[in-house]
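I opened my notebook to record what I looked up in this structure, entry by entry. The sequence and the model come before my notes.

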Amino acid sequence: MNDYNYLSMIFAFITSFIFTFATTPLVRRFAYKIGAVDVPKDKRRVHKKPTPRIGGLAIIFGFLVAVICFNDDWSKSMIATLIGAAILGILGVIDDCKALDAKLKFVVQIIAALIVVFYGDIRISVFSNPNVFSTEPFVILPMWLSVIVTVVWIVFITNAVNFIDGLDGLAAGVSAIMSMSLVFIAISYHEYTIALLGLALMGSCFGFLPFNLNPAKIFMGDTGSTFLGYILAVLSIQGMFKSYAVISFAVPVVMLGLPLFDAAFAMIRRVLSGKSPMIADRGHLHHRLYDMGFSQKQTVFILYAISGVLGITAILLAEQRFLRAMLLLICVLIFLLIATMMGKNSFVHKAAKKEEEEENAVLSGGADAESGAGPDDSEQS
C-alpha cells in the first residue's frame, strides 16, 4: 500500500469522526423540533425518559463527507451503494418521525438491494461447498439464485443491525467493531476502497458513541441502524469477500455473526409462537442479558466482547487459519458463557436474598402489630 492510500484512509476516519461528532448535537435539537422523539411506552423499551431518535442523520452525514472527500473509486458499484444508502436514509428519517408500515419498509429495502445487484453488479455468486465428500471446494450459483441470495442477505443484515439497536451504545459500538474487522481483512487483500469505506463508517460510529452511550442523549433510530446494516451488508459481499482466495462467504457470516444470529433466532422464535417475524418483542439477546440482572453497560460490554471475538475469528479465517480461528472462538465463547452464568447466579442469589429480607420485614411488622408495640403506641405512652 502506498502513502496516499494510507493517508486517504486515515483522513477518511478522522473526517467522518469529526463531522459526526460536530453535527450530532445539531441533529438532537432538530429532532425535538420535528417531534422525532422516542417515548418509552412499553416494557420492550429500556430507557425511562423521552429521547430524540434521528441521530443516524449525523452518522450518514459524517460518512458521506468522508467518502466524497477521499474516495477515488466512482464505479457503478460505488454509486449504486450510495444510492441505496440514500434511499434507506430517507426511509429511516420518515419512519422515525412517523412510524411506517413494516411491509412498506420491507419493499423499499428490497428496492435498494436490487439497485445494488443490477446497477452495481454486486452479487453473492460463490458458496463454500457444504458437501464434505465432494471434490469441488466451491459452489457457483446460477444468476437467478445469486440475485435472490444477495437481496436476502442485504435486507436481512439491514434489519439485523436494527434489531440489536435496543440498548444505549449497542448498535453503534457493534457496528464499529464489525467495521474494524472488515477494514483489517480488506487491507490484507489490498481492497483499499472497501477499507476506506469501512474506516469512514467506523469513524462515524465512534463520533456518535459519546452521545449514545448510557445514559444516551440521542438514539440513532431506524435512520442510523438500517443505514449501518445496509452498508455493512453491501461491503461484506464485495471484492475479496466473494473471491476464491478466502473461505467463501464464511468470513462475512462470522464477521456479522452477532446481529445475524440474533435476528435469525428472533424470527424463528416469533414464527414458532405464531407471530409475525417482524413484530418487535423483548426476546433479543441484549434483553435477555439485561433481564438476567446485568446493567445496560455490562450487557453492552458483553456483546462488544462477543462481537470482537467474532471479528478476530473472521480475520483468522480470511488468512486461512481455520484451526486457530475455531480454537479462539470456542475458548472465548466458553469463557463468556461461564461469566454470564456466574452473573446470572449472582443475580438470582441477590433476588432471593432481597425476597427473604422483604418476607422477614413483613413478619417482623406483623409481630409488632400483634404485640401492640407499633410506632404510634410508643409515642402515645
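Which residue forms a salt bridge with Arg 123? I found that the partner of Arg 123 is Asp 121, with the closest N and O atoms 2.7 Å apart; a salt bridge here is a side-chain nitrogen of Lys or Arg within 4 Å of a carboxyl oxygen of Asp or Glu. Asp 121 counts as partly exposed at 48% relative accessibility, where buried means under 20% relative accessible area, exposed over 50%, and partly exposed in between, with a 1.4 Å probe and protein chains only.

Before going on, I noted that this is a predicted model, in which local features need pLDDT of at least 70 and side-chain atom pairs count only at pLDDT 80 or more, while totals for chains, interfaces and linings use all residues. I also noted that residues are numbered from 1 along each chain as its sequence is written, and that side-chain values use heavy atoms, with hydrogens and water left out.

I then looked up the salt bridges as a set, and the structure holds three. Asp 95 pairs with Lys 105, their closest N and O atoms being 3.1 Å apart. Asp 95 lies in helix α3 (residues 76–97) and Lys 105 in helix α4 (residues 102–119), so this pair ties together parts that are ten residues apart in sequence; helices are DSSP runs (H or I, at least four residues), numbered from the N terminus. Lys 105 also forms a salt bridge with Asp 222, at 3.6 Å between the closest N and O atoms. That pair links distant parts of the chain, helix α4 with Lys 105 and helix α8 with Asp 222, 117 residues apart. I recorded Asp 95, Lys 105 and Asp 222 as linked in a network of salt bridges. Asp 95 counts as buried at 7% relative accessibility, and Asp 222 counts as buried at 15%.

Next I turned to helix α8 itself, which covers residues 221–235 and reaches 22 Å from its first C-alpha to its last, close to the 21 Å expected (1.5 Å times one less than its number of residues). Since 15 of its 15 residues are buried, I wrote down that α8 is largely enclosed by the rest of the structure.

My last entry concerns Leu 317, which is found in helix α12 (residues 296–318) and counts as buried at 3% relative accessibility. The C-alpha atoms of Leu 317 and Val 251 are separated by 6.4 Å, although the two residues are 66 residues apart along the chain.

Definitions and conventions. Helices (H or I, at least four residues) and strands (E, at least two) are DSSP runs, numbered from the N terminus.
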